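Please consider the sequence and the three-dimensional structure shown below.

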Amino acid sequence: MSVITIFHGSNHIITKPEYFVGKPYNDYGKGFYCTNEIEMAKEWACKENTNGFVNEYQLNISDLKILDLQDSKYNVLNWIALLLKNRKFELSDPVSITARKYILDNYLIDTSDYDIIIGYRADDSYFSYAQSFVANSLSVRLLEEALKLGELGIQVALVSEKAFENIKYINAFSVEKEIYYSKYINRDLFARKYFFENIKNKQFSLDDVFIVDIMRKKLKNND
């Protein structure tokens, strides 16, 4: 039996996570979003500048189907496609609107058979990276660099009823906003600063591929 420990940061204690409860516009749709990094969970617990709680769980994954977007067989456009499906994007220019449809048609993974989804958490910085890419102002290469080096965290999302049957509450402890709200803000500020200083201002390469290039060449998943 394979059991992992995961943490959920919240403003309250959650002894029994409920299936299909929560916001529909999360990164991977409705689900229970956790992390295996306790320090990250502490920051997420205080992200609204309130004291919070870190809830600790054990999750039996031995019979669960897992979509790990960090696996080399997936690419960054698969992640973008899931965001475009589930998150609210303000897309008004023709390129972004066309790009959204193209990415969804060609790179969206069917997640209906999965119990767990593991991937980047699209906090403000990551979400802005995705928007820049869809608007054709950020290449695939630089988007990948920004995501890997931004240090905004990986999340473990429980998205099926079966996954919720396999989670067990262990403990919860309080987290002080005076410490962890500033850490949450500083992590995002660091990611934004790093992006503008080391990613967006990098010298343009003729080999860089933008979303318009992908559409013109009619590239599809795994090309």
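**From the whole chain to its interior**

For 223 residues, a compact globule would have a radius of gyration near 17 Å, and the value of 18 Å for the protein chain agrees with this expectation. The model is a predicted one. Taken along the principal axes, the box filled by the C-alpha atoms is roughly 50 × 40 × 30 Å. The accessible surface of the protein chain comes to about 11,900 Å², and carbon and sulfur atoms account for 48% of this area. Of the 223 residues, 47% count as buried. Among contacts with a separation of 6 or more, 87% are between residues 24 or more positions apart.

The secondary structure of the protein chain consists of eight helices and seven strands. Strand S5, residues 116-120, pairs with S6 in the antiparallel sense over five bridges. Strand S2, residues 32-34, also runs antiparallel to S6 and is joined to it by three bridges. Leucine 158 takes part in both pairings: phenylalanine 32 stands opposite this residue, and leucine 158 is also the bridge partner of isoleucine 116.

Helix H6 is the next element to consider, and alanine 163 has its place there. Alanine 163 counts as buried because its relative accessibility is 0%. When neighbours within four places in sequence are left aside, alanine 163 is in contact with Leu59, Leu64, Asp115, Ile116 and Leu158. Between alanine 163 and threonine 15 the C-alpha to C-alpha distance is 15 Å, with 148 residues separating them in sequence.

A pair of aromatic rings is described by the distance of the centres and the angle of the planes. The count for this structure comes to six aromatic pairs. One of them joins tyrosine 28 and tyrosine 33, which are stacked with 6.3 Å centre to centre and 20° between the planes. Tyrosine 28 and tyrosine 33 are both buried. Another pair, phenylalanine 32 and phenylalanine 164, is tilted, with 6.4 Å centre to centre and 55° between the planes. This pair links distant parts of the chain, as phenylalanine 32 lies in strand S2 and phenylalanine 164 in helix H6 (residues 161-165), 132 residues apart. Both phenylalanine 32 and phenylalanine 164 are buried. Ring pairs also link a cluster made up of Tyr19, Phe32, Tyr57, Phe164 and Tyr169.

The cysteines remain to be examined. A search of the whole structure finds zero disulfides. Cysteine 34 is buried, its relative accessible area being 0%. Cysteine 46 also counts as buried, because its relative accessibility is 0%.

Note on methods. Residues numbered from 1 in each chain as written. Predicted model: local features only at pLDDT ≥ 70, side-chain atom pairs only at ≥ 80, totals over all residues. Heavy atoms only, no water. Disulfide = S-S within 2.5 Å. Buried < 20%, exposed > 50% of the residue type's maximum accessible area, 1.4 Å probe, protein only. Pairing = 2+ DSSP bridges. Helix = DSSP H or I, 4+ residues; strand = E, 2+ residues; numbered from the N terminus. Rg over C-alpha atoms; globule rule 2.2 N^0.38 Å. Contact = heavy atoms within 4.5 Å. Areas by Shrake-Rupley, 256 points an atom, 1.4 Å probe, with all protein chains shown as cover. Phe/Tyr/Trp six-rings, centres within 6.5 Å; stacked < 30°, edge-to-face > 60°.
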